[in-house]
Amino acid sequence: NWPFIVIYVLGCIAVSATVFKSSVIRWTWYESSVTILVIISMLVWSVSGARLATIAGTIAVVIAGIPQFVDAYKKPKENSILIYTGFLIGNIFSTAAGKDWSIQERFYPAICTIFCFIFILAIARKFLPLDNMEPL
């Protein structure tokens with residue numbers, strides 16, 4: 001499904017360009033650990049095959065998204081629900097487009113669908129009365 005990959009890469013380039021343009025770039029232990037998880041995922045893939053690599057990569061993506069989720073939960077007004085809705089729709093389509101119900105075809109998009117839905121729930125709190133949005 002090469003068009004999906006091309007669109008994904010273009011989205012990553014757009015996000016990277018936005019981050020670099022904002023001049024708010026910092027590298028902490030967390031980014032280093034996520035990079036290590038990505039490297040581990042690639043090593044798992046080269047040694048054990050696509051199934052375990054898909055699981056390891058998906059776990060790495062979810063771990064990498066935790067700080068972003070915390071930020072979306074604490075500051076829902078500063079996050080766009082439209083972006084996550086777009087990702088949710090894309091992940092739903094990607095899950096539906098799998099050739100079969102294997103881990104390699106459906107695990108990553110299915111987990112990302114759930115993760116995006118959770119993001120939408122956290123950000124949707126901005127439409128509630130202000131009393132309900134106090135950060136933890």
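## Model and confidence

The pLDDT is the predictor's confidence in each residue, on a scale from 0 to 100. The structure is a predicted model, in which local features need pLDDT of at least 70 and side-chain atom pairs count only at pLDDT 80 or more, while totals for chains, interfaces and linings use all residues. Residues are numbered from 1 along each chain as its sequence is written, and side-chain values use heavy atoms, with hydrogens and water left out.

The protein has a mean pLDDT of 83, and 92% of its residues reach 70 or more. Confidence is lowest in helix 1 (residues 2-22), with a mean of 77, and highest in helix 5, with a mean of 93. Helices here are DSSP runs of H or I with at least four residues, numbered from the N terminus. Where pLDDT is low, the predicted coordinates should not be read in detail.

## Helix 3

Helix 3 covers residues 50-74, 25 residues in total. From its first C-alpha to its last it reaches 36 Å, close to the 36 Å expected at 1.5 Å a residue; the expected span is 1.5 Å times one less than the number of residues. At Ile66 the helix has a kink of about 40°, shortly before the proline Pro67. The bend at a residue is the angle between axes fitted to the seven residues ending there and the seven starting there.

Several residues of helix 3 are buried: Ala53, Thr54, Thr58, Ala60, Gly65 and Ala72. Buried means under 20% relative accessible area, exposed means over 50%, and partly exposed lies in between (1.4 Å probe, protein chains only). The buried residues of this helix pack against helix 2 (29-48) and helix 5 (103-123).

## Two residues of helix 3

Thr58 belongs to helix 3 and counts as buried because its relative accessible area is 3%. Leaving aside residues up to four places away in sequence, Thr58 touches Phe107, Tyr108 and Ile111, where contact means heavy atoms within 4.5 Å.

Phe69 is also found in helix 3, but its relative accessible area of 25% makes this residue partly exposed. With residues up to four places away in sequence again not counted, Phe69 touches Ile118, Phe119 and Ala122. Phe69 and Phe107 are 38 residues apart in sequence, and their C-alpha atoms are 20 Å apart in space.

## Aromatic pairs

A search of the whole structure finds four aromatic pairs. Rings of Phe, Tyr and Trp (its six-membered ring) pair if their centres lie within 6.5 Å; planes under 30 degrees apart count as stacked, over 60 as edge-to-face and the rest as tilted. Tyr84 and Phe119 are stacked, because their ring centres are 4.7 Å apart and their planes lie at 10°. This pair links distant parts of the chain, since Tyr84 is in helix 4 (residues 81-96) and Phe119 is in helix 5, 35 residues apart. Both Tyr84 and Phe119 are buried.

Phe119 also forms an edge-to-face pair with Phe115, at 5.0 Å centre to centre and 90° between the planes. Phe115 and Phe119 are about one helical turn apart because four residues separate them in helix 5. Phe115 counts as buried at 17% relative accessibility, and Phe119 is buried at 3%. Ring pairs join Phe69, Tyr73, Tyr84, Phe115 and Phe119 into a cluster.

## Charges over rings

A charge sits over a ring if NZ of Lys or CZ of Arg is within 6 Å of the ring centre and within 35 degrees of the ring normal. The charged end of Arg106 sits over the ring of Trp101, 3.9 Å from its centre. Arg125 lies over the face of Tyr73, at 4.2 Å from the ring centre; Tyr73 is one of the residues in the aromatic cluster.
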